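Subject: A structure to look at, with notes

Hello,

Please find the structure below, followed by my notes on what was found in it.

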Amino acid sequence: MKIAIVGPGGIGSTFAFQLARAGHDVTVVARGRRLEHLQRDGAIVTATGKRAPVQVAAALDATTPWDLVLVTVLVSQVEAVLPALAASAARTIMFMFNTFEPFDRLRYTVGEARFAFGFPAILASLDDGVLTTQ
């Protein structure tokens, strides 16, 4: 599958690592220091030294027909990424974050046929770009 992950913090990086290791074509969309780490390494790097090569981008390519866009940003950051998600050619957009808010706005914005929601049951952290999971 061709997968983009928007928000490669601990949770997004864990999914990027596992999906890339499983053979999927993974692009990680990041910003700031995380973008710098990913551009430097060209991979998700774990605390145990394992690496999973990924493509790295500063923005979601709206023209790519992604099989899946996995959105793992903080709930407070969702508004900022909604326009890019709505404009994307993605087949499925799965939001994964903790919230008590209704999903109607997300579903409406990206389209009901493309909307999915998942609960991220992962404990993960990043330290200088290195992933640790539990």
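Contact here means heavy atoms within 4.5 Å, and buried means under 20% relative accessible area, with exposed being over 50% and partly exposed in between, for a 1.4 Å probe and protein chains only. Helices (H or I, at least four residues) and strands (E, at least two) are DSSP runs, numbered from the N terminus.

Before going further, please keep in mind that this is a predicted model, in which local features need pLDDT of at least 70 and side-chain atom pairs count only at pLDDT 80 or more, while totals for chains, interfaces and linings use all residues. Residues are numbered from 1 along each chain as its sequence is written, and side-chain values use heavy atoms, with hydrogens and water left out.

The buried residues in α3 are Val-78, Val-81, Leu-82 and Leu-85. Seen down the axis of α3, these buried residues fall within an arc of 130° (the arc of the directions from the helix axis to the C-beta atoms), so they line one face of the helix. On the face turned away from that buried side, α3 carries the exposed residues Ala-80, Pro-83 and Ala-87.

In soluble globular proteins, nonpolar side chains tend to be buried together. A nonpolar core is a set of buried Ala, Val, Leu, Ile, Met, Phe, Trp, Tyr and Cys residues joined through side-chain atoms within 4.5 Å. The largest such core in this model has 19 residues, and those with the most contacts inside it are Leu-60, Val-69, Val-71, Leu-85, Ile-93 and Phe-95. At least two residues of this core come from each of β1 (2-6), β6 (68-71), α3 (78-87), β7 and α4, and the largest share, four residues, comes from α3. If we leave aside the neighbours of Leu-85 within four places in sequence, Leu-85 is in contact with Leu-60, Val-69, Val-71, Ile-93, Phe-95, Val-110 and Arg-114. There is also a second, separate core of 18 residues, which includes Ala-20, Ala-30, Leu-35 and Ile-44.

Next come the aromatic rings. Rings of Phe, Tyr and Trp (its six-membered ring) pair if their centres lie within 6.5 Å, and planes under 30 degrees apart count as stacked, over 60 as edge-to-face and the rest as tilted. A search of the whole structure finds five aromatic pairs. In one of them, the rings of Phe-95 and Phe-115 have their centres 5.9 Å apart and their planes at 35°, so the pair is tilted. Since Phe-95 lies in strand β7 (residues 93-96) and Phe-115 in strand β8 (residues 115-118), the pair ties together parts that are 20 residues apart in sequence. Phe-95 is buried, with a relative accessible area of 0%, and Phe-115, at 15%, counts as buried too. Phe-97 and Phe-117 form an edge-to-face pair, 5.6 Å centre to centre with 85° between the planes. Phe-97 is buried at 5% relative accessible area, whereas Phe-117 is partly exposed at 26%. One aromatic cluster is formed by Phe-95, Phe-97, Phe-103, Phe-115 and Phe-117.

The buried residues of α2 are Arg-34, Leu-35, His-37, Leu-38 and Asp-41, and, seen down the axis of α2, they fall within an arc of 160°, so they line one face of the helix. The face of α2 turned away from its buried side carries the exposed residues Arg-33, Gln-39 and Arg-40. Just after α2, Gly-42 takes a positive phi of about 65°.

Most residues other than glycine have a negative phi. Asp-128 is placed in the loop between β9 and β10 (130-133), and at 47% relative accessibility it counts as partly exposed. Although Asp-128 and Arg-34 are 94 residues apart in sequence, they are 8.5 Å apart in space, C-alpha to C-alpha. Leaving aside its neighbours within four places in sequence, Asp-128 is in contact with Arg-33, His-37 and Arg-40.

Best wishes
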